[in-house]
Amino acid sequence: MDQTNWVTLLASSDRRGGTSAARVKAPSELIWKVALPDAVRSSPILRDGILYVTSRDGRLYAFDSKTGRERWIFQAAAAIDSTPSISGDLIFFGCDDGAVYAVDRTAGRIRWKAEGAGPIWTSPTIRNDSVYFGSIDGTFKAADRHTGKARWTRQLEGQICSTAYAADRLVYFGSSSGRIYALEGSSGKDAWLHQAGDGVTAAPAVADGLVLAGSEDFSFYALDAESGTVRWKVETDLGIYSSAAVAGGKVFFGGKDGYLYALNLANGRTLWKSESLRTLTAPPVAGDAMVCMQTFYGGMQAFDVTTGKRLWRANLGGSLQSTPILTEDAVYLATYPGVVYALR
């Protein structure tokens, strides 16, 4: 089985939701499944043959990716909606108790706990030995990766449900106030901000010098990564909650209007949009041949990246936010009711 690593939300720290797995066939065989006792609003991650899943029962689960056998469970103090992130030997996640936890990823033992403020639904972002995270009370923090000690804290407008993208110098994320922030990663000082017309909950992607994020104001934005200037934007029929995937010079995202959009990365031209899928809030995953996402009403669906033609559908239950993991030999996904699947 392919043990491709997906170590954070949208596969890797570039937050693009891209995969090179050349998978175009529908999964047809169940390898294993596990039913958890509560809902899953996060995405699974994969590292060195271990699948990690957080749940609203307040637990972080570690499963053997080949067999589904439970390796260990870590119990946090409250519900967990945060997708974990792995850096080195640690796995990080936020919790509704307002803290970020750092847990040894092989043994499941806590290393440190960084107290925040409000519930943390974002996926922690690790860059240059800092862990960046926002909370729904508007607090955004940078903590030391090794100790959890705060490096800086900002109190901002609105709830922060947007997982950050951290570049070498700047950190990008959105808030429910409609602002897309670019902060200095070393100090937390403002570099620039863009004011959209409504909330930004999507995790921004950064590609070819563009910060890419959708808003509840019915618009998808491409902003200059250095200045925040709007390079292009595309209007949709309803708001956008879905984060974007970037692959092969294309940008993919779902809208609450029910359409999966494919845009030209360079100029924002609409290349195609899918048939209506009623409502889309989960981030897509894009590869060389197909783009795949979980739809709340139609299970997991896959489309040809060039034409938008639907390739297959797997009716395994919907998800509000979770992204599937695609490898050459297996597909892993968690559904909102709390069932974790491994398929081939």
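The model is predicted, so local features need pLDDT of at least 70 and side-chain atom pairs count only at pLDDT 80 or more, while totals for chains, interfaces and linings use all residues. Residues are numbered from 1 along each chain as its sequence is written, and side-chain values use heavy atoms, with hydrogens and water left out.

Let's start with the rings. A pair of aromatic rings is described by the distance of the centres and the angle of the planes. Here, rings of Phe, Tyr and Trp (its six-membered ring) pair if their centres lie within 6.5 Å; planes under 30 degrees apart are called stacked, those over 60 edge-to-face, and the rest tilted. By that rule the structure holds 20 aromatic pairs. One of them joins Phe 252 and Trp 272, a tilted pair with 6.1 Å from centre to centre and 50 degrees between the planes. This pair ties together distant parts of the chain, 20 residues apart: Phe 252 belongs to strand β23 (residues 250-254) and Trp 272 to strand β25 (residues 270-273). Strands are DSSP runs (E, at least two residues), numbered from the N terminus. Both Phe 252 and Trp 272 are buried, meaning under 20% relative accessible area, with exposed set at over 50% and partly exposed in between (1.4 Å probe, protein chains only).

Tyr 259 and Tyr 261 make an edge-to-face pair, because their planes stand at 75 degrees with the centres 6.3 Å apart. Tyr 261 is buried, at a relative accessible area of 4%. Elsewhere, Tyr 132, Phe 140, Trp 152, Phe 173 and Tyr 181 come together as one aromatic cluster.

Gln 75 sits in strand β5 (residues 70-75) and is partly exposed, with a relative accessible area of 42%. Setting aside residues up to four places away in sequence, Gln 75 touches Asp 57, Gly 58 and Arg 59, where contact means heavy atoms within 4.5 Å. Its side chain also makes a polar contact with the side chain of Arg 59 at 2.9 Å. A polar contact is a pair of N or O atoms within 3.5 Å; within protein, one must be able to donate a hydrogen and the other to accept it, and residues adjacent in sequence count only if both atoms are side-chain atoms.

Ser 243 is found in the loop between β21 (230-235) and β22 (245-247), and is buried, at 6% relative accessible area. The side chain of Ser 243 reaches the backbone nitrogen of Ala 203 at 2.8 Å.

Key: Helices (H or I, at least four residues) and strands (E, at least two) are DSSP runs, numbered from the N terminus.
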